[in-house]
Amino acid sequence: MGVTVGTLDLDAYVGAADAAIRAASSTDALDAVAAEYLGKKSQLALVQRTFGSLSDEEKRTAGAALQQVRSTLDGAISGRREALAAAERLEQLEADRLDLTEVVPAQVRRPLRRGHQHLISQTQAELEDVFVGMGFTVADGPEVETDWYNFEALNIPPAHPARGMWDTFYLELGDPETVVLRTHTSPVQVHLMEEAVANNTLPIHAVMPGRCFRRDTPDARHLHTFHQIEGLVIDEGITFTDLAGVIQTFTTAYFGPAMSSRLRPAFFPFTEPSAEFEITCAICQGAGCRTCSQTGWIELGGCGMVDPAVLDAVGIDATRYSGFAFGFGIDRCAQMRYQIADMRALVENDLRFVEQF
Ligand code: DAH
């Protein structure tokens, strides 16, 4: 006969507990078995609580016997727990499995929604195509410039009143150089001329599209972050007639044969003479409307003959070379071509707008 403590037959208790442990089919069920046989309300705990009435000698033997039962059952339970947990993990993995060979039936399938180039990118690409067709190459330059490239090399010395033409974002990087977000693409002209001088690769016939920044409050015709395309030709014997011809050829190539261009005297520090470049208002076809203030013309950008001071600044011999430059808004071109009333629509990313182009 086995050991009995109080009314509890320990062998029978361990036998019953063992059977229950083996029968437990989940870790939750096992927790319940552990509570039943080892917990505070188990028979084992109840018997332990009656120890007060035993002699010291009896306490020692009975205590050791109960401790033995506890550790036997603890061992059996943790062994079973490991086996059950492993099985449960496998089951979970099986449940999470994805059938990668599954074919979605056509009735259920939704069409793939593919993105496309934004109108500004499309416009930039088309403008590049037009100029490439006329023999220009395409170049780009940094969006963050030093004062030298954005202003000084373009014949705009520090504190010159002409700086007021551009509301500039300054980066607070401290000395030694003033660093700005470029206010126009004209500084790329300077990079190209410097490279051509360094590598002895004059002449230059290039366009330079890119993003520009100005501290402007956005409105229907302005964005603080916008796009320009710059043009630069430096060669021998270049005259204002070449400039006017390129502007007119570009205008009809991009906007269509019904559109015309005109140049009006203006001032830019880096060109002399300088002109504003206007095209027929696309909204009224030149008849005069509110958008063009009844003039029939819309200003697209500026242009002129490269000022000899700019050629000097980059070390090009102004007695041998001359050139012209122009710069105009890519966003403005898109606005004219598609008659977009408010330019802010270009950057608001409302899909109802974006998907139209
Ligand atoms: N950079 C000028 C601006 O953003 C536009 C411009 C005028 C560019 C004359 C030129 C130019 O290349 O020759 O206001």
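**Close-up views of a predicted model**

Strand 11 gives the lining of the largest pocket its largest share, six residues. Keep in mind while browsing these views that this is a predicted model.

**View 1. The largest pocket is lined by 34 residues.** Look to the middle first: R214, Q228, E299, L300 and G301 are the lining residues that lie nearest the centre of this pocket. The space inside comes to about 710 Å³. Several elements give two or more residues to the lining: helix 7, strand 8, strand 9 (261-268), strand 10 (271-280), strand 11, strand 12 and helix 10 (330-338). As for the kinds of residue here, the lining splits into 14 nonpolar, twelve polar and eight charged.

**View 2. The largest pocket is where the ligand sits.** Which elements give two or more residues to the shell around the ligand? They are helix 7 (186-199), strand 8 (225-235), strand 11 (297-306) and strand 12 (322-329). In total, 16 residues surround the ligand. H184, S186, R214, Q228 and E230 are the closest of them. Sort the shell by type and you get six nonpolar residues, eight polar ones and two charged ones.

View 3. How much of the ligand's accessible area does the protein cover? On its own the ligand has 360 Å² of it, and the protein covers 94%.

**View 4. Two peptide bonds, D175 to P176 and E272 to P273, are cis.** From D175 to P176, omega is near 5 degrees. You'll find P176 in the loop between strand 5 (170-171) and strand 6 (179-181). From E272 to P273, omega is near -5 degrees. P273 has its place in strand 10, one of the elements that also give two or more residues to the lining of the largest pocket.

**View 5. N155 has a positive phi.** For N155, which isn't a glycine, the angle is about 70 degrees. Where does N155 have its place? Look in the loop between helix 6 (147-150) and strand 5.

Methods: Residues are numbered from 1 along each chain as its sequence is written. This is a predicted model: local features need pLDDT of at least 70, side-chain atom pairs count only at pLDDT 80 or more; totals for chains, interfaces and linings use all residues. Side-chain values use heavy atoms; hydrogens and water are left out. A residue is near a molecule or strand if one of its heavy atoms lies within 4 Å of it. Accessible areas come from the Shrake-Rupley method with a 1.4 Å probe; for residues, only the protein chains shown count as cover. On a 1 Å grid over the protein atoms alone, a cavity is a set of points where a 1.4 Å probe fits but cannot get out, and a pocket is an open set with protein on both sides within 12 Å along at least five of seven lines; lining residues have an atom within 4 Å of a point. A molecule sits in a cavity or pocket if more than half of its atoms lie within 2 Å of its grid points. Helices (H or I, at least four residues) and strands (E, at least two) are DSSP runs, numbered from the N terminus. Ala, Val, Leu, Ile, Met, Phe, Trp, Tyr, Cys and Pro count as nonpolar, Asp, Glu, Lys and Arg as charged, and the others, Gly among them, as polar. Grid points are joined across faces, edges and corners, and a volume is the space filled by probe spheres set on the points.
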